[in-house]
Amino acid sequence: MKRVGVFLCWCGSNIAGTVDVGRVAEKVRLLPGVVYVEENKYTCSEPGQASIMKAIKEHDLERVVVASCSPRLHEPTFRRTLEAAGMNPYHLEMANIREHCSWVHTDREEATAKAFDIVRMAVAKALRNEALQPGRISIEKKALVLGGGIAGIQAALDIADAGHQVILVEREPTIGGRMAQLDKTFPTLDCSSCILTPKMVDCAKHPNITLYTYSELEKVEGYIGNFNVTIRKKARGVDEALCTGCGLCQTKCPVKVDSEFDVGVGKRKAIYTPFPQAVPNKPVIDKENCRYHKTGKCRICERVCEAKAIRFDQEDTIIEEKVGAIVVATGFDLFDLETYGEYGYGLYPDVISSLQFERLINASGPTEGKIRRPSDQEVPRSVAFVLCVGSRDDQKGVSYCSRACCMYSVKHATQYREKVKDGRAFVFYMDIRTPGKAYEEFYRRSSVDYGVEYIRGRPSKIYQKGKKLVVRAEDTLLGRPVEVEVDMVVLAPAMVPKHDAAKMAQTLGVSYDGYGFLNEAHPKLRPVETNTAGIYLAGACQGPKDIPDTVAQAGAAAAKVAALFSQDELTTEPMVARVDEALCSGCLWCKPVCPYKAIEAKTITERVAGRTVTREVASVNVGLCQGCGACTVACRDGAMNLAGFTNDQVLAEVDDLLADLRPACGV
Amino acid sequence: MQPRKSGGFENMAESASRPEEARPAETRPAEEPGAGWEPVIVGFLCNWCSYAGADSAGTARMVHPPNVRVIRVPCSGRVNPRFILRAFQRGADGVLVSGCHPGDCHYSTGNYYARRRLVLLKRYLEYLGIDPRRFRTHWVSASEGQKFADIVREMTAEIKALGPGPKAKLGELV
Amino acid sequence: MTEKQPLRYAYYPGCSLHSTAREYDLSMKVVARAVGVELVEIPDWNCCGASSAHMTDPFLGFALPGRVLALAEEMGLDVVAPCAACYGRLAAAREEAARHPDYVRRLEKATGRRLSGSSRAWNVLEWLCQERVSAAVREALKRPLQGLAVAPYYGCLLVRPPKVTRFDDPERPVTMDRILETIGAAPVDFAFKTECCGASLGISRTDLVSELTGRILAAAADAGAEAVAVACPLCQTNLDSRQEAAGLRQGRTFDLPVYYITQLVGLALGASARELGLGRHLVDAMSLLREKKLA
Amino acid sequence: MPRKPMLDIERMRSAEEALRREARRLLADGVVSVFLGHEEGWDGLAVPSFATSPEDAEKLVWNPLVAPHLAKYLLDRLAGDEKVGIVVNGCGSLALERILKDRRFPRERLYIVGIPCTGILDPARVADLPPERRREVLETGRAEAGLFLDRCSWCDVPNAVVSDILVGEPVAEEPTVHEYPRAARLEAMSLEERFEHFKDLYERCIRCFACRNVCPACSCRECCLDQWEPLWLGRATSVPEQQMFHFIRAFDVAGRCIRCGECERVCPMGLPLMDFNDKLLKDIAELFGVERPHVPTDVEPLGRFDPQDPDFEEGAE
Amino acid sequence: MGEGGKGMAPGPVPRTTKLVEASGLDGWLRAVAREARVWAPVKVDGRPPLFREFGAGEEDRLDLEAVRTVNSPKGALLPQTEPLMTYAMTKDAESGRPSLDLERAAPGGPVVVFGARPCDAAAFELLDKVFLTGDFVDDHYQARRAKTTVVAVACPRPDEACFCTSFGLSPGGTRGADVVLYGRSGPGVPVETVAYYAVAYTERGEAFLAAPAARAAGVADVPEDEGRCLEEVVSAFRGLGTPLGDRLGRIDVAARLDGLFDHPYWEKVSARCLSCGACTFICPTCYCFGVADCGALGKGVRYRYWDACKLPHFMLMAGGHNPRPAKSNRTRQRFMHKLNYYHHRYGEYQCVGCGRCVESCPVGLHLPLVAGEVGGLEG
């Protein structure tokens with residue numbers, strides 16, 4: 001039987017005030033296996049730790065139990081103590097007789113009895129502790145950034161500037177993302193593309209950045225420092241190497257369709273670059289609409305292309321890369337406005353979304369920045385801006401606030417008033433939220449200097465009356481219903497997770513919330529990490545954000561990656577699952593329950609009754625395994641066990657506890 | 001139908017050698033309800049939420065009954081149903097399993113698997129004749145010290161009222 | 001559910017159909033007969049409680065319609081409740097039964113009847129447009145209402161709260177439009193399909209009701225409607241009885257007959273004006289039909 | 001409503017012919033080195049048979065008594081790489097699927113002969129019949145429902161779900177509404193009554209492990225019940241240990257039990273062991289919306305989850 | 001070693017003979033149960049009868065009609081789980097020096113095995129040879145055996161699984177029995193027995209019949225004029241054949257088996273074995289057991305429990321070595337033990353032909369089958 005030393009802490013009066021530590025010591029002394037018991041005023045103190053090390057040597061202890069506070073507090077401390085004494089740190093067990101005992105009980109008798117039980121269970125477990133060795137894994141110092149919006153661009157640039165290789169993957173034909181669609185940015189009203197496009201170009205030029213646009217992540221395997229990712233580069237229909245981006249093909253292409261980039265308020269061709277400043281400035285062929293792909297005739301673009309870069313028969317290419325870290329910056333979608341039937345979006349052409357409005361006022365947009373309403377191209381003399389369409393609505397939308405809508409709507413109203421001097425701008429709001437540098441001032445200016453009219457109330461109905469739209473709401477400040485006739489209505493949709501966010505999360509093996517936003521590891525202290533080591537978050541994929549916050553988070557994520565890459569090796573937590581191959585039947589039911597895809601089949605060869613047999617068993621990737629133990633329960637024959645929390649240990653805790661409280665076996 | 005609390009009919013003869021009175025456990029005063037009898041509740045708490053929740057109950061000095069003995073596990077998904085029956089078999093009067101709220105699992109999905117298993121187990125134990133009030137399962141986050149304290153209080157009171165656990169009916173292991 | 005439904009229904013007229021809305025009752029029965037559906041009036045039915053009951057005592061608000069459902073369960077039938085308010089209460093009661101078992105126990109104790117939730121309430125619109133009935137209507141169609149431009153007015157209750165009624169879009173419902181199409185009429189889409197008509201304020205605040213109905217009628221008329229179709233006694237009363245006052249407020253005159261959807265369906269199925277009680281309206285319901293050669 | 005089992009002696013005779021022919025061919029051509037089927041044993045009982053030569057194939061039978069499932073015997077032949085032939089009817093194929101889905105035997109080493117089935121008799125029940133009635137039943141096939149295996153009463157897999165060749169006309173599959181009368185009956189009892197019911201079972205159990213050893217879902221290399229470290233199960237046959245034994249046995253196959261009832265059929269003490277499994281099948285169906293919990297799937301019900309699963313904090317508690 | 005059977009010499013001499021009405025049995029048992037633990041065939045609501053301890057108020061559950069109980073009565077002498085001793089490791093409070101206290105499990109009180117068939121009674125003698133003869137005497141067994149009275153009931157209608165006669169036993173046999181009850185109406189008669197002749201063959205048996213309990217329950221002397229009838233009835237039982245026994249004839253394969261240890265037969269016959277313990281556990285003569293501890297914190301019970309040579313873990317050694325890994329090895333062990341080893345050691349076979357394995361084996365792999373087949377094997 002292993003020689004156990006037990007160290008009982010008074011924690012001043014924190015424990016000793018309620019628990020009769022002396023009595024506990026007497027009883028513990030009589031436990032099988034316990035060869036040394038000691039009381040300390042403060043075990044975590046220098047002298048306290050010193051006496052542990054002393055006792056380990058003098059009484060050649062093989063296991064140590066420290067009965068004091070929560071292991072969540074001092075387990076690392078005492079593990080270091082054991083290590084310092086030349087003992088395997090995992091030979092420590094802690095008995096939490098403070099948080100779980102002295103602090104929550106008042107009766108000295110009861111508390112003392114319970115404290116003894118807690119120590120007894122710890123001893124039972126300690127007797128079955130094993131020496132554990134942390135593993136070491138190498139790090140591939142190359143990062144994958146998913147999403148080429150401002151978040152992805154920023155993260156990619158920062159990591160690249162830190163001197164590490166970056167692969168930037170963007171689903172669309174160009175990087176730039178939402179920000180590229182915007183006209184100006186609040187509160188400074190500086191031009192969005194003026195600050196974004198340079199960064200886009202940097203990305204393309206940066207020696208450390210490999211850019212894959214019009215590409216999607218297919219598969220992720222491996223673990224921190226060693227991810228194997230598979231990327232599908234969709235067929236562009238254009239040889240990027242040859243294409244000069246002259247744009248002739250686009251001018252000549254006979255097919256016109258709604259432009260995704262212009263959110264339906266503008267048109268594009270079947271071969272196109274989403275917008276003039278696109279990076280890379282190489283067009284793609286949209287197979288669904290391309291006349292040649294549909295009818296087998298046309299090929300005009302091919303004819304006009306002097307670089308001979310058109311490749312109708314081009315196929316998707318699969319790219320495999322090994323990376324050490326992943327930054328997820330996949331952004332957001334907009335709430336489906338048709339959910340609000342009473343607002344008539346999709347029914348009345350002059351009810352549009354904020355993003356459509358961005359395109360309308362954008363100098364490079366379909367109307368060259370002239371505000372004209374879709375129905376008759378007339379300049380709207382009055383515009384109503386409706387906030388919180390979807391946001392903060394448990395009934396029809398999402399409960400959260402989308403954080404950016406107030407400010408950009410303020411911006412829109414201001415911009416409208418600038419452009420249409422005699423126009424009237426109404427903003428229907430629940431609250432105007434301006435938590436940001438110079439936000440409140442910007443808002444005030446809009447009403448004081450630009451005469452934007454704010455009406456506090458969520459519209460209940462928008463309906464057409466002749467050429468006008470009537471917005472009906474309750475003015476909750478006046479406490480009476482108001483109806484405002486306007487020429488155009490702009491709805492501010494909630495920011496919602498990308499439609500395929502959940503799928504993405506599963507591919508990556510990270511958790512996501514009820515809405516589909518990816519979960520950070522800790523809302524306050526680990527805001528850019530995920531629970532899967534080596535995967536970080538940036539931007540709106542984690543929750544609604546405006547541009548400054550997004551850029552800040554992207555920088556933070558990049559810093560984390562740089563910190564990770566600053567080491568050459570990682571040590572892994574040794575409290576992980578392990579397989580007893582002799583027992584393992586190879587059923588692999590442990591595999592589906594592993595949240596980290598850490599279990600795979602492995603073929604082993606063994607001699608049975610003189611003949612060689614090969615069979616499959618489960619094998620745990622210690623780099624991936626986080627030690628949750630789900631697999632151990634899925635394993636019926638107990639081949640799968642969890643170091644530090646073995647079946648043996650848990651059963652011993654149960655048995656020894658109850659053997660004393662509820663003697664069995666007639667003893 | 002069987003006259004004595006004992007194993008299968010095979011060892012009836014044997015139990016002759018140890019008449020009831022001579023058998024401890026069953027007649028120990030500590031096992032009789034009412035006077036001085038205190039329930040023993042084995043609590044399996046996940047390290048990241050519920051164990052921390054119990055800790056915060058401590059840090060906030062939320063006084064609650066001393067009847068729960070905590071076994072720390074990394075995740076509610078680590079709790080093997082066999083552990084729970086084992087506890088009852090060895091004399092626990094109640095068993096509590098608590099983990100992170102669904103969706104908040106430190107290991108992202110561990111508690112979802114646990115939930116399936118435990119909901120099934122809960123019904124099954126009742127089916128086997130173990131009072132469902134003796135086996136409770138909860139979600140307690142690291143911040144829910146109060147909730148933890150309340151659960152312990154409720155559960156202790158409830159089981160006090162119920163009296164000694166299944167072992168009283170099951171009898172000795174040998 | 002629908003497939004398994006036999007073409008027999010428990011019939012819950014409620015108070016209105018025995019008083020102000022007799023023509024609704026009449027036309028309802030005419031249509032049922034014509035499409036071969038048997039309506040069995042629930043014996044000893046009681047008031048649905050709208051609206052006073054649920055405003056004053058939640059349990060009473062549940063118990064009154066609850067009892068009606070219990071009676072229907074005993075008949076083993078689903079309930080058709082033509083009045084929108086009745087329908088609303090019956091539907092709500094079924095919801096509450098699911099959420100508050102204690103309510104159910106109290107009810108069962110009080111009435112000595114079981115309430116399992118096996119019977120549900122149907123409003124006239126979902127009843128009419130369910131596969132088998134609408135098919136039967138198409139079958140029995142005698143006199144398609146060619147060229148009759150009707151504004152389908154659903155009112156506020158029929159489609160709300162959506163979590164309870166669960167049968168059509170609360171903002172842009174289309175069920176009645178479909179029914180009108182089925183019988184050959186021309187449904188007119190307008191923005192006030194589900195606006196409030198003022199409901200019971202029709203007694204206490206006639207000014208408000210004239211205003212509200214005025215807006216509805218105006219929207220309908222502007223959209224080119226010659227008549228309005230409703231599926232609620234209160235809507236009918238308000239729209240039918242306030243047209244003059246409403247006109248004054250809107251500075252125009254209205255002359256829009258307000259039909260129960262069942263009257264129009266009945267008409268299309270060849271029933272006579274008398275059978276359908278078309279003479280009982282305040283705004284002359286006949287002349288429009290005559291000039292359209294529909295009566 | 002559950003389908004009504006019946007016997008078609010003619011069908012069986014021709015199936016037997018075809019079976020022998022197929023087995024003979026497989027053994028003669030060396031496709032398989034052994035063929036698992038049934039032969040006539042002591043007192044006309046159908047017992048597992050292991051034909052290794054074309055001659056052996058002649059001994060194979062297919063009659064109303066071929067109750068024993070054969071899949072579990074594959075575990076005896078894990079070593080080596082020779083191909084194994086095996087005959088299965090619908091439920092037999094479920095047992096085989098169980099073994100395959102648990103990855104306990106490689107599909108590519110199997111040659112599966114499937115036989116459509118309309119019902120099999122419970123040998124024990126037949127044995128209890130007076131000799132002349134027994135003969136009549138076996139010759140004419142006129143057998144009352146009570147004589148069939150329990151699993152026939154809800155069978156929704158008359159044809160093999162997995163096979164390389166199907167001999168005989170497939171039997172029309174009728175959708176079955178699955179009910180769990182055994183569990184329902186016990187659920188209706190009080191807690192105490194149920195406890196006593198099972199206590200009585202524990203006391204009669206002699207722990208011979210026949211139930212475990214015949215179970216196609218119990219295929220571990222070393223059963224936890226046999227392990228000494230950790231000692232999941234004490235060797236004493238006291239009530240608490242017997243409870244643990246039966247708990248582990250049934251709960252470990254929860255979600256993988258094919259409801260064949262072989263455990264119950266082979267129990268020398270005639271214990272109603274399906275009382276355990278029936279409940280778990282029923283609850284898995286109810287709780288997780290698994291319509292046919294007895295049919296092996298790629299991921300077992302307890303190996304997956306749905307965020308919308310019933311929760312214990314509301315409802316289940 | 002044989003006794004009874006067709007044309008056999010009459011068995012041992014009766015010491016006393018009494019007559020008891022069938023209706024009086026329950027009263028008798030109730031009386032007996034006051035001083036001793038009674039084991040008997042008990043039938044509970046239509047289920048096959050079990051041989052188990054007889055609970056208070058179970059008299060109406062006594063079943064002497066059934067040919068055999070599902071399990072054998074051996075548990076009365078060799079409980080499936082039997083505490084041997086308790087142990088407790090304690091530490092001296094001062095020195096902390098540990099010491100170990102051992103306490104032998106207290107011996108049990110008197111036991112009466114009532115209503116065993118002659119085959120089961122005979123089985124007790126086979127167990128005795130193992131536990132009470134040779135260099136090692138099992139004192140736990142011995143203590144219990146010394147306080148056990150065996151009352152057998154002659155077998156009126158052996159069924160198609162019965163083959164005691166193949167081992168020279170008989171439905172009216174007396175081996176291992178202190179008292180034998182013979183149905184007054186004799187064997188074969190398909191009517192319920194109304195009265196029994198109770199014949200004591202041992203001192204203990206004599207005492208049992210003389211005990212107040214017996215008298216109180218109306219165990220009376222046999223009327224003078226019935227003497228002849230008694231003779232006939234007894235010898236009729238003795239001479240009764242068994243269906244399976246007649247089919248098999250006398251089983252005597254010990255010599256045959258000497259040469260068959262490595263015979264492929266074992267491989268073949270064991271193929272369908274489930275490796276379960278059914279046959280051994282219900283067998284009246286199988287006695288293998290294992291020893292285990294139950295406890296924690298250094299305190300507990302050491303007990304023994306039935307083990308079975310058919311179970312895969314039988315004989316598994318601490319080091320993980322299993323001398324009989326394949327079920328063919330274990331099947332061979334079982335039958336070699338019964339039909340060869342035991343015979344070499346004790347001069348007779350370790351089987352009484354009770355037929356339980358025939359009834360219970362789920363795959364029809366049982367002793368009469370094997371005994372028959374090895375008879376025809378090439379050495």
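How much area is buried between domain 1 of chain C and domain 2 of chain C, and what percentage of that area do carbon and sulfur atoms give? In this predicted model, the area buried between the two domains comes to about 1,900 Å², and carbon and sulfur atoms account for 69% of that.

- Chain C is split by its domain assignment into domain 1, spanning 8–124, and domain 2, spanning 143–291.

**Where they touch**
- On the domain 1 side, 24 residues make contact, and they meet 24 residues of domain 2.
- Glu23(C), Tyr24(C) and Ala84(C) are the domain 1 residues that lose the most area to domain 2, together giving 28% of what that side buries.

**Charged and polar links**
- Two salt bridges are counted between the domains.
- Glu23(C) pairs up with Arg280(C) in a salt bridge, with the closest N and O atoms 3.4 Å apart.
- There are also five residue pairs in polar contact between domain 1 and domain 2, both residues at pLDDT 80 or more.

**What builds the domain 1 side**
- Three elements of chain C each give two or more residues to this side: helix 1 (14–17), helix 2 (22–34) and helix 5 (84–99).
- Sorted by class, the domain 1 side that touches domain 2 has 17 nonpolar, four polar and three charged residues.

Methods: Residues are numbered from 1 along each chain as its sequence is written. Chains are lettered from A and ligands numbered from 1 in the order in which they are written. This is a predicted model: local features need pLDDT of at least 70, side-chain atom pairs count only at pLDDT 80 or more; totals for chains, interfaces and linings use all residues. Side-chain values use heavy atoms; hydrogens and water are left out. Domain bounds come from an automatic or database domain assignment. Contact means heavy atoms within 4.5 Å. Buried area is the accessible area (1.4 Å probe) that two parts lose on being put together, summed over both. A salt bridge is a side-chain nitrogen of Lys or Arg within 4 Å of a carboxyl oxygen of Asp or Glu. A polar contact is a pair of N or O atoms within 3.5 Å; within protein, one must be able to donate a hydrogen and the other to accept it, and residues adjacent in sequence count only if both atoms are side-chain atoms. Helices (H or I, at least four residues) and strands (E, at least two) are DSSP runs, numbered from the N terminus. Ala, Val, Leu, Ile, Met, Phe, Trp, Tyr, Cys and Pro count as nonpolar, Asp, Glu, Lys and Arg as charged, and the others, Gly among them, as polar.
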